[in-house]
Amino acid sequence: MIGKDDAGRRWSVGEVARASGTTVRALHHYDEIGLLRPSERTSSGHRRYTGEDVRRLYRLRALRTLGLSLEEIAVVLADSGDDLATMRGLLAAQLHGLEAHAVRVEQLTQQLRGLLGQIDTASMPDPDQFMTTLEMISVFETSFTDQQREDLARRRAELGSETIETAKTEWSGLVEELLRHVQDGTPVDDPAVRDLVARWDALANLFHADGTAGEPTRAAAQRMWAGNSDEIGRNLPWPVERMRDLVGYLERVRQSR
């Protein structure tokens with residue numbers, strides 16, 4: 001039975017293990033290597049952990065989650081004090097790690113939804129469909145850095161599925177309208193065409209961070225199309241050559257402003 005004394009509450013090794021999701025064996029190991037030694041022991045030698053010990057255990061577990069080895073954690077804990085600034089930095093680092101993991105999960109989720117969508121429209125995707133999906137994953141991964149992919153996925157999460165679907169529908173309509181102008185040879189300084197291109201750019205910018213923060217991913221997206229138009233075009237409902245002509249037309253319209 002654990003009670004309270006003048007210094008506050010004390011926890012047994014079993015209580016700490018259950019509350020923290022750590023095994024008793026791991027706590028014993030931390031004690032043996034000097035990483036987390038309980039501040040007190042009973043007269044019979046049983047470990048008793050104080051509030052400071054529990055805070056140290058939290059820091060230990062958080063650093064372990066971030067991928068540090070026990071040796072590295074020992075160095076960090078030895079150099080850091082039990083203060084608010086240290087705890088805030090640790091919590092911020094752990095939050096960043098969790099957010100990055102969430103972004104990677106979102107990317108994988110989108111890829112799996114694409115394959116499930118193919119399965120829903122056919123009995124089983126053929127090898128070419130799987131190869132196309134793998135090809136597009138490769139194009140995406142080689143065109144954007146890890147940080148840029150995280151930024152794009154985070155932006156998609158912020159927009160939400162409803163906004164994204166609305167944007168896709170609007171973009172499809174813009175493609176059809178602009179392709180007609182390309183076919184008709186409408187001058188690039190035509191006010192109606194400029195308005196369509198302005199809408200196109202606004203729609204594209206929706207998927208990137210605002211202002212200069214979004215420039216890296218916007219530039220990478222342009223390079224991705226320039227270097228992989230054949231692969232990307234195979235996933236679009238319009239012929240690749242027409243889409244190439246459209247992209248060139250868009251650039252001439254922008255230059256004419």
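The structure is a predicted model, in which local features require pLDDT of at least 70 and side-chain atom pairs count only at pLDDT 80 or more, while totals for chains, interfaces and linings use all residues. Residues are numbered from 1 along each chain as its sequence is written, and side-chain values use heavy atoms, with hydrogens and water left out. Helices are DSSP runs (H or I, at least four residues) numbered from the N terminus.

**Second largest pocket**

- The second largest pocket has a volume of about 160 Å³, a volume being the space filled by probe spheres set on grid points that are joined across faces, edges and corners.
- Of its 14 lining residues, Asp 151, Leu 152, Ala 209, Ala 213 and Thr 217 are the closest to the centre.
- A pocket is an open set of points on a 1 Å grid over the protein atoms alone, where a 1.4 Å probe fits, with protein on both sides within 12 Å along at least five of seven lines; lining residues have an atom within 4 Å of a point.
- Helices H7 (146-159) and H10 (215-233) each supply at least two residues of this lining, and H7 gives the largest share, seven residues.
- By class, the lining comprises five nonpolar, five polar and four charged residues (nonpolar: Ala, Val, Leu, Ile, Met, Phe, Trp, Tyr, Cys and Pro; charged: Asp, Glu, Lys and Arg; polar: the others, Gly among them).

**H1 with H2**

- Helix H1 (residues 13-20) packs on helix H2 (residues 24-32) at about 115°, with axes 9 Å apart; axes are lines fitted to C-alpha atoms over the stretch in contact, and angles run from 0 to 180 degrees between N-to-C directions.
- H1 and H2 are therefore roughly perpendicular to each other (65 to 115 degrees).
- In this contact (heavy atoms within 4.5 Å), Val 13, Gly 14, Val 16 and Ala 17 of H1 meet Val 24, Leu 27 and His 28 of H2.
- The residues of the contact of H1 with H2 are five nonpolar, two polar and no charged.

- The axes of H10 and helix H11 (residues 240-255) come within 9 Å and cross at roughly 150°.
- Trp 225, Ser 229, Asp 230 and Gly 233 in H10 meet Val 240, Met 243, Arg 244 and Val 247 in H11; this contact has four nonpolar, two polar and two charged residues.
- Helix H8 (residues 161-184) packs against H11 at about 85°, with axes 10 Å apart, and the two are therefore roughly perpendicular.
- Residues of H8 including Trp 171, Val 175 and His 181 meet residues of H11, among them Met 243, Leu 246 and Tyr 249; nine residues of this contact are nonpolar, two polar and two charged.

Technical notes:
Parallel < 35°, antiparallel > 145°, perpendicular 65-115°, else oblique.
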